[in-house]
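Please look over the sequence and the model shown below before reading on. The report that follows takes up a few residues and their surroundings.

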Amino acid sequence: MAALDNLVVTTALPAIRSDLGGKLEDLEWTVNAYTLTFAVLLMFGAALGDRFGRRRLFVVGLSVFTGASAAAALSPGIDALIAARAVQGVGAAIMMPLTLTLLTAAVPAARRGMALGIYGAVTGLAVASGPLIGGSLTEHISWQWIFWLNVPIGLALIPLARLRLAESTAPGSRLDVPGTLLISGGLFGIVYGLVNANAHGWTSAPVLTGLIAGTALVGAFVRHGFRSPNPMLPMRLFRNRGFLGINFASLLMFLGMFGSIFLLSQFLQGVAGYSPTEAGLRMLPWTGMPMIVAPIAGILSDRIGGRPVVAAGLAFQALGLGWFAAILTTDLPYAAQLPPLILSGIGMALYFAPAANVLMSTVGPADQGKASGTNNALREVGGALGVAILASVFSARGGYETPQAFTDGTVPALWIGAGAVALAAALALLLPRRPGSAPAVPAARAAAPPRKVRSAG
């Protein structure tokens, strides 16, 4: 649900505007309000789970997300919808980083790759199929159902999570208030600048202020991570080559993928002439591939290590995007689009599961919440950066005026997306061959029967 809601609203924007009104800036904020709160609060959500209990906070985040989804569906106006989307992002920021930690604690290290493969398949499919699901629900029912869809799922999961997940915390964890304020303010400034760059211009005062102030606060957060005795994100983690490499590879992967999906889904509708549902269906060779390949990728990472699988996946994704950029024309037949779509889908699938396995293998149990929160925050920033950069290139080299203008703007943007993912593949080659697995004892203790945990308070 959290991954899906990144892009599910994009194909519903015309219907929302027709129903609720609002200016173009208001419609942009129906997307950006979620991205902003999600990215800003991810690390804080992970820290809360480490301190007060990961299962407990997961249930809290799930409840907030479900309630905000209902509020979004019932919104009487555009301002209420934007506010509900922001609260959705808060719930997602609490529950999303805890999913990896809870899953890692529940599965033995020997089988973790396969479990994370299934997790990666669902996450990858949710991210990429957002436009399809949003378009289909909007076209055949109403835009409100892109939010109502979350409500029965959330209501079913809340008691299941409470009864079936084992509680765990990070030993000796404390809330790092200065670190929380620094990173939240820093990410807010950066993401605010990114999501407003196209509307106001990269050199406008609000954008420059956000980017400069945000970068300064992130720099102060890094300094705090070196000096504080108990920081939210110990900078020592980045001394691990695997942790450093997989996090920056993830940022670049999402930069290229999010920006490309944003443009190609519009190309299929605005240039090729498909409806939202038809466009989503024609992207299934890309978006649906993780469901088939990601579990296999997880098993491969268990057997041969995550580095070759992650590097191959990123290389395939980069080749697919580059292939698309090389052949894109206004009258490109769908048969010619299939090979790069399939190659990109295989690449995405090979990346997701092994990347999660590599990440969690680089840290011990006490730091897994911090690692997951960091990785998710960098992914969200990468996605916002990708949409902002590729949309800016698109606007500079083309536009919406004619099919040819749209194609002229999309081609150079796709080349930049392919280059970003290719750089991520190069970073993946720097990962250690087989990162050491996290010690099993704390994870086993985390998996103690939930009844004993509850009776202990």
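In which helix is A205 found?

## Basis of the report

This is a predicted model, in which local features need pLDDT of at least 70 and side-chain atom pairs count only at pLDDT 80 or more, whereas totals for chains, interfaces and linings use all residues. Residues are numbered from 1 along each chain as its sequence is written, and side-chain values use heavy atoms, with hydrogens and water left out.

## A205

A205 is found in helix 9 (residues 205–227), where helices are DSSP runs of H or I with at least four residues, numbered from the N terminus. At 54% relative accessibility, A205 counts as exposed, a term that requires over 50%, while buried means under 20% and partly exposed lies in between (1.4 Å probe, protein chains only).

## Aromatic pairs

The structure holds 5 aromatic pairs, a pair being rings of Phe, Tyr or Trp (its six-membered ring) with centres within 6.5 Å, and planes under 30 degrees apart count as stacked, over 60 as edge-to-face and the rest as tilted. The ring centres of F394 and F406 are 4.8 Å apart and their planes stand at 65 degrees, so this pair is edge-to-face. The pair links distant parts of the chain, with F394 in helix 16 (residues 368–397) and F406 in helix 17 (residues 403–428).

F394 is buried at a relative accessible area of 2%, and F406 is buried at 4%. Together with F267, F394 and F406 form one aromatic cluster.

Note on methods:
Helices (H or I, at least four residues) and strands (E, at least two) are DSSP runs, numbered from the N terminus.
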